[in-house]
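My plan is to look up a handful of places and jot down what turns up.

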Amino acid sequence: MQMKGGDRIAPSEPALRIIMRRLREIMAEPSDGQSRLDKIVRQIAGLMVAEVSSIYLKRQDGSLELFATEGLNPGAVHTTLLKRGEGLVGRCAELAVPINEPDAQNHPAFAYRPETGEEIYHSFLAVPILRGGEVLGVLTIQNRTAKEYSDEDVEVLQTTAMVLAEHLVSGAVAGANAGAQFSRTVGHVVRGQPLSEGLALGHAVLHDARVVVTEVAADDPDAEQHRLEAAVAELQASINEMLEQGDLGASGEHRDVLEAYRMFAHDRGWLRRMKDAIGRGMTAEAAVERVQNDTRSRMLRQPDAYWRERLKDLDALSDRLLRVLSGSPRVQGEIASLPRDAVLCARSMGPADLLDYDRSRLRGLVLEESGRQSHVAIVARALGIPAIGDARGVIERVEQGTPIIVDADSGEVHIRPNTGVIAAYRDKARFRARRQREYRALRDTPAVTRDGQRVELHINAGLEMDVPHLAESGADGIGLFRTELQFMVSATMPRLERQTQMYRAILEEAGDKPVVFRTLDVGGDKALPYLRQPAEENPALGWRAIRLSLDRPGLLRTQVRALLRAASGRHLRLMLPMVSTVGEVDRARALIDREVQIMDRRGVARPIEVRLGVMVEVPALIFELDALLPRVDFISVGSNDLMQYLFAADRNNTHVAGRYDPLSAAPLRALGAIAEAARRHNRPFGLCGEMAGRPLEAMALIGLGFRSISMAPASIGPVKSMILSLDAEALQRWLQASMYAVEGSLRAGLKRFAEEHGVEI
Ligand code: PEP
Ligand code: MG
């Protein structure tokens with residue numbers, strides 16, 4: 001970086017330190033927020049030999065307003081507005097990354113604003129002003145000559161933006177929107193995604209992970225390196241200690257989750273990047289924050305949910321590290337003052353952070369960013385804490401102690417509920433408790449209809465910690481074990497031994513009850529970090545499940561080997577996902593047979609029998625059932641996927657998911673045809689999609705002839721009580737008559753049937 005002649009700076013003094021000193025001086029002067037911004041842009045332009053330096057700040061609607069400039073037409077300040085994503089500045093804010101363009105005006109994204117007079121400047125550098133993962137604005141420099149700015153320039157501008165962000169959130173700049181302002185007095189409902197079921201009434205506790213970094217530049221880099229090393233060692237030790245806590249249990253995937261977290265804490269790349277930042281003149285705290293900002297902007301750009309969640313772990317670790325550095329680890333202080341009915345609210349949180357809190361006082365958890373696959377969600381489920389994720393806007397609306405209700409059945413968070421809502425939820429909680437008692441009382445009652453038809457009710461599971469639900473719910477078995485979940489929570493590919501041990505533990509815990517293991521259903525949107533996968537335009541139609549397994553047989557072979565070993569001397573049920581043609585079944589069966597032969601050769605005892613089933617999820621297979629059924633031992637309809645393919649409606653796209661009713665005549669006819677074919681071929685058949693767990697849908701399935709369905713454990717009680725009150729014969733007659741006579745949805749008719757026949761829906 002060059003310096004302007006007049007600045008008389010010792011050539012050895014790092015540029016970063018000079019800028020920081022100047023910024024500190026500006027902040028210390030008595031002045032209003034706007035004048036400070038004006039001074040900052042003047043200083044930046046001067047020190048970076050830039051003809052232009054400008055600050056754009058984000059408004060509530062996401063547009064960017066020019067707040068200060070040195071070099072552009074001063075009349076453009078507070079006049080020039082860029083819409084969300086507009087121009088290079090908008091792009092920088094959207095992507096949260098620096099943009100370094102030698103010839104900005106010829107860039108296709110350039111947005112010309114005549115009032116600024118910027119047409120004469122060619123080179124352009126913009127960096128996002130980031131605070132806590134949120135983009136507050138954009139800081140730019142421009143020059144007439146076309147040149148690419150150096151890495152050092154980018155670094156200096158980014159660090160300046162960090163200081164600027166702290167200034168903005170302090171509220172010193174009038175009109176700057178440092179986070180949207182919401183009323184903190186009126187009630188509000190935020191909708192999110194249920195992560196861990198249940199209901200909680202309590203008071204908000206804000207998990208404020210942030211430690212404000214005030215000192216950015218350091219005089220003694222060696223001392224900072226030592227501080228960082230000591231803090232990292234302390235962080236690693238605290239995570240080790242957490243893993244050694246006896247009450248976490250010896251195995252289960254929450255341990256895998258914490259192991260993965262521990263691996264991140266030892267990530268060399270992370271440590272190196274922080275050390276490099278210290279080498280460039282930063283304090284240890286600023287270095288942590290700088291690297292954290294980079295991680296967060298990578299997170300924003302990450303289309304893959306799996307990786308976004310993993311980056312969040314790294315983000316949470318940075319917060320922990322900052323707390324260690326600042327000498328304020330949360331543990332003692334906050335735990336002591338935790339109310340007895342705490343509902344923890346956070347933007348996002350690492351799994352270890354949740355474990356810092358006293359579980360006996362935690363009633364619920366609300367997260368703004370984390371989804372079902374997040375590690376913290378898995379730990380919340382393991383601890384049985386009702387939790388909601390993706391609940392945007394909660395943090396702005398609550399403060400410590402705000403009354404809050406978490407309805408993790410509907411995904412609603414009620415903030416400052418009025419007395420009517422509280423009373424309704426108290427009733428709901430009591431009703432729920434009573435219903436739960438009733439369902440528990442039905443636990444050992446077989447699901448038999450009034451006219452004597454036995455229906456097998458199974459549960460869907462995917463993690464070791466789900467298996468105890470089998471005994472608790474009184475289900476007949478596990479109708480779908482989604483093996484990929486284990487792969488998704490691990491940081492590295494689970495090896496043969498780990499897989500075998502897990503499958504064996506599941507079979508042991510299930511005892512005499514059958515377990516259907518579905519082979520890996522990965523690919524598409526279920527990405528694994530250790531598996532190279534091309535980006536796909538339509539992941540649901542892409543290279544996933546059995547397709548991927550057959551193309552990369554190593555994965556499937558290891559899994560089949562682990563399953564066969566785990567089931568040595570027992571019954572093994574395997575099920576193939578997303579089968580589109582019978583050829584795929586033949587190839588999978590050949591692979592399984594080969595593995596059995598290898599077992600024989602090695603003298604390992606085989607399973608008593610291996611039953612192979614197929615999921616009916618792809619509509620084409622419905623027209624090949626006569627060829628398929630003689631080749632397999634059972635089939636199970638994956639109605640989640642089957643519906644998405646039948647209706648061509650992406651199950652993950654909120655615009656279309658739920659748009660078409662599975663109780664419409666068309667899908668019911670398809671399901672009826674599957675049942676009919678299976679009966680003709682004398683093959684057991686069932687259904688394991690979400691519809692099996694909804695009493696009205698489950699009733700329709702029984703009317704179509706299904707006698708085995710698999711669902712979330714919490715649905716067993718409600719579905720069983722529906723079955724106990726149902727006359728299956730009468731329903732079957734009604735459905736046969738209506739299914740081909742009615743157009744559109746049969747939902748209303750089915751509801752009427754239930755009412756008229758006293759079926760408990
Ligand atoms: C289904 O598609 O219905 C199913 C049970 O599988 P998954 O939801 O795991 O795709
Ligand atoms: Mg499926």
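My entries follow, grouped by place.

**Ground rules**

I'm working from a predicted model, where local features need pLDDT of at least 70, side-chain atom pairs count only at pLDDT 80 or more, and totals for chains, interfaces and linings use all residues. Residues are numbered from 1 along each chain as its sequence is written, chains are lettered from A and ligands numbered from 1 in the order in which they are written, and side-chain values use heavy atoms, with hydrogens and water left out.

**Entry: the magnesium ion**

I looked up what holds ligand 2, the magnesium ion: Glu 617 (OE) and Asp 641 (OD) coordinate it at 2.0 to 2.1 Å. Donors here are N, O and S atoms within 2.8 Å of the metal (3.2 Å for Na, K and Ca), and water is not among the atoms, so sites may look incomplete. The two residues sit 24 residues apart and link distant parts of the chain: Glu 617 is in the loop between strand S19 (609-616) and helix H21 (619-622), while Asp 641 belongs to helix H23 (residues 639-647). For the naming, I note that helices (H or I, at least four residues) and strands (E, at least two) are DSSP runs, numbered from the N terminus.

Are these two buried or exposed? Glu 617 is buried at 2% relative accessibility, and Asp 641 is buried at 3%. My scale is buried under 20% relative accessible area, exposed over 50%, and partly exposed in between (1.4 Å probe, protein chains only).

**Entry: ligand 1**

The side chain of Arg 482 has an N or O atom 2.7 Å from an oxygen atom of ligand 1. Glu 617 turns up again, with a polar side-chain atom 2.8 Å from an oxygen atom of the ligand. Ser 639 uses a backbone N or O atom, at 3.0 Å from a ligand oxygen. Taken alone, ligand 1 exposes 280 Å², and the protein buries 97% of that; the areas come from the Shrake-Rupley method with a 1.4 Å probe, and for residues only the protein chains shown count as cover.

**Entry: helix H25**

How many residues of H25 (695-703) are buried? I find nine of its nine. Among what covers them are helix H24 (665-680), strand S22 (708-711) and helix H26 (716-724), with contact meaning heavy atoms within 4.5 Å. Just after H25, Gly 705 takes a positive phi of about 105°.

Most residues other than glycine have a negative phi. Val 49 has a positive one of about 50°, in the loop between helix H2 (33-47) and strand S1 (52-58). Val 49 is partly exposed at 25%. Asn 682 also has a positive phi, about 55°, and lies in the loop between H24 and S21. Asn 682 is exposed, at 66%.

Definitions and conventions: A polar contact is a pair of N or O atoms within 3.5 Å; within protein, one must be able to donate a hydrogen and the other to accept it, and residues adjacent in sequence count only if both atoms are side-chain atoms.
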